[in-house]
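Please keep the structure in view while reading.

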Amino acid sequence: METKNIILELRNKHGLSQEELAEKVFVTRQAVSRWETGETVPNTETLKLLSGIFGVSINTILGSPRELYCQCCGMPLEDASISRESDGSFNDDYCKWCYAGGQYTYHNMDDLIDVCVKHMAGEGFTEDQARAYMKERLPQLDYWKNHRELEDGGKFESFKKQLIDEFNALNINGMPKVEKLNALVGSYVNLAYPMPSGCAVKLLDDNATYLGTQLEGENGRCFGVLANENFLMAAAYEKDGTEPELLLYKKR
């Protein structure tokens with residue numbers, strides 16, 4: 001689909017007139033009309049504004065001329081999986097799992113490979129095949145080529161270590177020791193927990209990225225821990241995610 005048709009479709013989808021969209025991006029109604037007839041294309045700064053208003057990447061507005069994939073893990077990127085900066089704008093170089101809110105979430109290639117192998121092993125790869133593929137693929141990506149320049153001096157890894165220590169200090173009955181935390185997107189782990197009132201409540205932002213992991217208890221019931229700079233959360237549930245129980249939600 002061409003840019004002119006995409007802008008028209010997105011504008012209608014959001015219930016905006018040409019005048020209303022023009023006001024939001026600081027141009028005239030005639031400018032919007034020219035975009036939608038294909039006479040002109042928005043400039044770079046206006047594309048950024050349109051991206052924020054419509055909630056899609058600039059690449060999507062331009063008709064997806066580039067095939068996007070994460071420059072850290074290599075996964076293909078769509079608008080739903082593209083990372084965001086701390087101001088909410090898209091960063092189409094990375095996925096939500098590898099970069100979130102201005103922070104790179106993986107600083108050790110082997111840790112990332114371990115996470116990817118678990119997902120790939122169920123999709124037609126053996127674990128050995130998946131590991132060999134990732135070891136060959138990752139060094140070709142921009143993040144790992146420039147890893148030294150992109151390092152934060154160990155600040156993020158220190159933050160993860162602090163969270164691990166805080167989780168283990170909780171001494172939750174039956175929960176194994178937390179050894180590692182991985183990046184997890186809210187929509188994949190946002191369970192609805194039953195409240196005393198009888199209603200079920202979700203506590204996470206589907207679009208946010210958290211640090212967490214899943215641990216298997218001795219009785220086969222799973223424990224899930226999640227955190228960010230503001231809170232610690234621990235829950236228990238069956239392996240298929242049923243019968244969730246909120247064990248702890250604590251502000252940091």
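## Overall build

Of the 252 residues in the protein, 39% are buried. The model is a predicted one. It contains 11 helices and 11 strands. Along the principal axes, the C-alpha atoms fill a box of roughly 65 × 50 × 40 Å.

Take the contacts between residues at least 6 apart in sequence: 45% of them join residues at least 24 apart.

## Surface and charge

The accessible surface of the protein is about 14,300 Å². Carbon and sulfur atoms account for 47% of that surface.

The protein carries 27 positive and 39 negative charges. How far apart are the mean positions of the positive and negative charges? The separation is 2 Å.

## Threonine 105

Threonine 105 sits in a loop, between strand E4 (103–104) and helix H6 (109–120). Is threonine 105 buried or exposed? Its relative accessible area is 5%, so threonine 105 is buried, the cut-off for burial being under 20%.

The side chain of threonine 105 reaches the backbone oxygen of tryptophan 97 at 2.5 Å. Trp97 is also among the contacts of threonine 105 when neighbours within four places in sequence are left aside.

## Two residues with positive phi

Most residues other than glycine have a negative phi. Serine 64 has a positive one, near 55°. It lies in the loop between helix H5 (58–61) and strand E1 (82–84). Its relative accessibility is 44%, so serine 64 counts as partly exposed; that class lies between the 20% and 50% cut-offs.

Asparagine 171 is not a glycine either, yet its phi is positive, at about 55°. The loop holding asparagine 171 runs between helix H10 (155–168) and strand E5 (182–185). Asparagine 171 is exposed because its relative accessible area is 65%, and exposed means over 50%.

Glycine 124 is in the loop between H6 and helix H7 (127–137). Why does glycine 124 count as exposed? Because its relative accessibility is 74%, and the cut-off is over 50%.

Where does glycine 124 stand relative to asparagine 171? In sequence, the two are 47 residues apart. In space, they are 39 Å apart, C-alpha to C-alpha. Glycine 124 is exposed, and asparagine 171 is exposed as well.

Conventions:
Residues are numbered from 1 along each chain as its sequence is written. This is a predicted model: local features need pLDDT of at least 70, side-chain atom pairs count only at pLDDT 80 or more; totals for chains, interfaces and linings use all residues. Side-chain values use heavy atoms; hydrogens and water are left out. Helices (H or I, at least four residues) and strands (E, at least two) are DSSP runs, numbered from the N terminus. Buried means under 20% relative accessible area, exposed over 50%, partly exposed in between (1.4 Å probe, protein chains only). A polar contact is a pair of N or O atoms within 3.5 Å; within protein, one must be able to donate a hydrogen and the other to accept it, and residues adjacent in sequence count only if both atoms are side-chain atoms. Contact means heavy atoms within 4.5 Å. Accessible areas come from the Shrake-Rupley method with a 1.4 Å probe; for residues, only the protein chains shown count as cover. Lys and Arg count as positive and Asp and Glu as negative; His and the chain ends are not counted. The place of a charge is taken as NZ of Lys, CZ of Arg, CG of Asp or CD of Glu.
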